[in-house]
Amino acid sequence: MTGIADALEFDAIVVGAGLAGLAAAAELIAAGRRVAIVDQEPEGALGGQAWWSFGGLFLVDSPEQRRMGVKDSLELARQDWFASAGFDRPEDHWPREWAEAYLDFAAGEKRAWLHEMGVRWFPIVGWAERGGQTATAHGNSVPRFHITWGTGPGIVAPFEARVRAAAEAGLATIRSRHRVDELLVESGAVIGVRGAVLAPSSVERGVSSSRDTVGEFEFRAPAVVLTTGGIGGDHDLVRNSWPERLGAAPSELLSGVPASVDGRGLEIAQDAGARVINGDRMWHYVEGIANHSSVWPMHGIRILPGPSSLWLDPTGRRLPAPLFPGFDTLATLDHLTRNGHSHSWFVLTRKIVEKEFALSGSEQNPDLTGKDLRLLAKRVAPGAPAPVQAFVERGEDFVVADTLDDLIDGMQRLTPEHPIDRAQVEREVLARDREMDNEFTKDAQIHAIRNARKYRGDRLIRVATPHKLLDTKAGPLIAVKLHILTRKSLGGIETDLSSRALGTDGQPIPGLFAAGEVAGFGGGGVHGYRSLEGTFLGGCLFSGRIAGRAAADR
């Protein structure tokens, strides 16, 4: 605990010390406001989920894109965003407004603003969520996924530094282990927070901390900014919010976020009169694998796949086009859950895993996170990156075999309760391999692989040279059991373009602001139904910045 140790009244209170909270606090500090940053986790957890992230940022028409030969524009990005979002509800008014504002930001000052703070990017731009349908359907038409040099910690660092410097100077206070349970409301305005002081905890970042209480607190301020995150760490909340359009909620889930991502801020805001919208919109990944060295409960890691792996459902049937690796997350989730599946399979080769498997998360990318050029150079060398190889050797979801028969045997041993149709798997693999004999093919995935290799970045480090799965020179064969992995809430507290929380009457609640995931990254759901990726960190930064500036004007 640092800063103004005994003060109970501030100019502003920021609830939540993740990236959105740090961004809001930094703006308030820059405006000369006395700020309290309140969070239920230990102080070592500053940065929240963002610290664990890969650090991907959505930028439009950046120098990095242009150097890679990518022609992008605000108009093309808007076409992709709105096609993906699929806004279709009356309550999408503010999310639409936020989408327009965020696109202007991503194509405008976002990069320069971060660059001035010292943030830098890996020169090869990634191509996430490729879509695979028509120009007016979901997906990024061009690569836009800019990996931060330093990954998630590199994004958090400049904002954390500003907050800590202000705390050392006595201009701000960081109140860790303070759990907000209630917003104080007087005459319809939010004028502070009340909650419990939790017992001190020395657990490592991400590890579940105790909820034992040792006292109570009450802080007052004319502005309260909620940045408490979503619901991905509470599987009961995820299942309760699961939309009928995606079929039954999966019986098995892994967690892509720590248990502290518990949705408490949403309930607290509603109790104070705020309107929460689009709670049925969510973003969960379908390429999750159990972490061999778990930090939090049911800890899953997402594979960031290239396009070459053969994707099968639990029975061994190939997923339909265009449900290829890295193309359409929500459509793949929809297909699996509507058919009653909570897992699926990648079938691939050693050659594919070496070139195409990346793992999401700062801790799984020590070269980028540690800014280690020597280690980074190994990405273009033969062999899988060390973190990927560790999963191949130690991960409970990996099967390695020299023959297809042995591979299927291993897959069945991993999932004895789900019979695999051996003949169907053989049929899918052999049929796919026959299509590799010619430069022309009717197989849409093979078209997609060849198209991907036209992009210099993919050809260099992301997409393997096309080959047959049963080519012994590319072996051994590998199968990976993929779980559904919770990650982001796309809905949240409805806010106007000043991040003011709106009540059920559509009017701003005086003194209450919301930013980051708890606000659907802006407006109560800036993404609509689907994300273009690289937009979660950016949404935290953008909405946090707006909330901080607006709260400073109170």
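Colleague: Why does Arg422 count as partly exposed?

Modeller: Its relative accessible area is 31%. Buried means under 20% relative accessible area, exposed means over 50%, and partly exposed is the range in between (1.4 Å probe, protein chains only). Arg422 at 31% therefore falls in the intermediate class. Please bear in mind that this is a predicted model: local features need pLDDT of at least 70, side-chain atom pairs count only at pLDDT 80 or more, and totals for chains, interfaces and linings use all residues. Residues are numbered from 1 along each chain as its sequence is written, and side-chain values use heavy atoms, with hydrogens and water left out.

Colleague: What makes the meeting of the Asp409 and Arg422 side chains a salt bridge?

Modeller: A salt bridge requires a side-chain nitrogen of Lys or Arg within 4 Å of a carboxyl oxygen of Asp or Glu. The N to O distance here is 2.3 Å, so the pair meets the 4 Å criterion. Asp409 belongs to helix H15 (residues 404–414) and Arg422 to helix H16 (residues 422–434), 13 residues apart. Helices are DSSP runs of H or I with at least four residues, strands are E runs with at least two, and both are numbered from the N terminus. By the salt-bridge rule, the count comes to 38.

Colleague: Which parts of the chain does the pair of Glu109 and Arg545 tie together, and why?

Modeller: Glu109 sits in the loop between helix H5 (93–107) and helix H6 (110–116), whereas Arg545 sits in helix H19, so the pair joins parts that are 436 residues apart in sequence. The N to O distance of this salt bridge is 3.0 Å. Glu109 is partly exposed at 45%, while Arg545 is buried at 5%.

Colleague: How far apart are Asp334 and Arg338 in helix H10?

Modeller: They are 4 residues apart, about one turn of helix H10 (residues 329–338). Asp334, at 24%, is partly exposed, whereas Arg338, at 52%, counts as exposed.

Colleague: How do you know that Ser543 is buried?

Modeller: Its relative accessible area is 0%, which places Ser543 in the buried class. Ser543 lies in helix H19. Beyond its neighbours within four places in sequence, it is in contact (heavy atoms within 4.5 Å) with Trp98, Ser499, Ala515, Gly516 and Phe521.

Colleague: What is the size of the largest nonpolar core, and which residues have the most contacts inside it?

Modeller: It has 143 residues, and Trp81, Phe159 and Val480 have the most contacts inside it. Helix H19 (residues 536–552) supplies the largest share, 10 residues. The term denotes a set of buried Ala, Val, Leu, Ile, Met, Phe, Trp, Tyr and Cys residues joined through side-chain atoms within 4.5 Å. Outside four places in sequence, Phe159 touches residues including Leu19, Trp113, Met117 and Leu541. A second, separate core of 16 residues includes Ile124, Val125, Trp149 and Leu304.
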